[in-house]
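Let's learn to read a few features together, one question at a time. Have a look first.

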Amino acid sequence: TLFANCLAFAGVDTTINLLGNGTGLLARFPTQRAKLIAEPALLDAAIEEMLRTEAPVQGLPRRLTGDLALHGRVIPAGEEISLMFAAANHDPAHYPDPEAFDIERQSKDHLSFGFGLHKCIGQHLARLEARAYFPRLLQRFPDYTVTEARWRLSHWARGYAALVIRA
């Protein structure tokens, strides 16, 4: 049951953050929102760019099973390190103009759902929920504005404690 609870919490929390963060991004970048409204076929690329720009999970700790040589330094086995997915998603060597929110960017290789053996098993469900949410949001409230935005304090997640919109 611990594993099931972990999956439920992680799936709900990260999906809520994806939807909230994406809603906030579309409000902050109205030209991108207008482009998405005009070209609904950009939805999948927009969701990937939302995930890249405002990753619901910023990073996760891992304990090293072997020594790690990195940047001229050795971190010994047994030490805890933090894998910062969100920082990698903003690497200017990989993403030109990484701070720009561009729904036409081809960013399917972001690390917002982790990677390898630790890749999120619920990633497809989160994308499916986003595909259902954003068209409805934009159809009903194409000109919404954010009246209150307050980030939640968290070491590992990026999401709003409050995001109030007005239609």
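Q: Is Phe-29 buried, exposed or partly exposed, and why?

A: Buried means under 20% relative accessible area, exposed over 50%, and partly exposed in between (1.4 Å probe, protein chains only). Phe-29 counts as partly exposed because its relative accessibility is 26%. Keep in mind that this is a predicted model, where local features need pLDDT of at least 70, side-chain atom pairs count only at pLDDT 80 or more, and totals for chains, interfaces and linings use all residues. Residues are numbered from 1 along each chain as its sequence is written, and side-chain values use heavy atoms, leaving out hydrogens and water.

Q: How is a pair of aromatic rings described?

A: By the distance of the centres and the angle of the planes. Rings of Phe, Tyr and Trp (its six-membered ring) pair if their centres lie within 6.5 Å; planes under 30 degrees apart are stacked, over 60 edge-to-face, the rest tilted. That rule gives three aromatic pairs here. One of them is Phe-29 with Phe-101, a tilted pair at 5.4 Å centre to centre and 45° between the planes. These two partners are 72 residues apart. Phe-101 is buried, at 4% relative accessibility. Another pair, Tyr-133 with Phe-134, is edge-to-face, at 4.8 Å and 75°.

Q: Over which ring does the charged end of Arg-52 sit?

A: A charge sits over a ring if NZ of Lys or CZ of Arg is within 6 Å of the ring centre and within 35 degrees of the ring normal. For Arg-52 the ring is that of Tyr-95, with 5.1 Å to its centre. Arg-33 likewise has its charged end over the ring of Tyr-144, 4.3 Å from the centre.

Definitions and conventions: Helix = DSSP H or I, 4+ residues; strand = E, 2+ residues; numbered from the N terminus.
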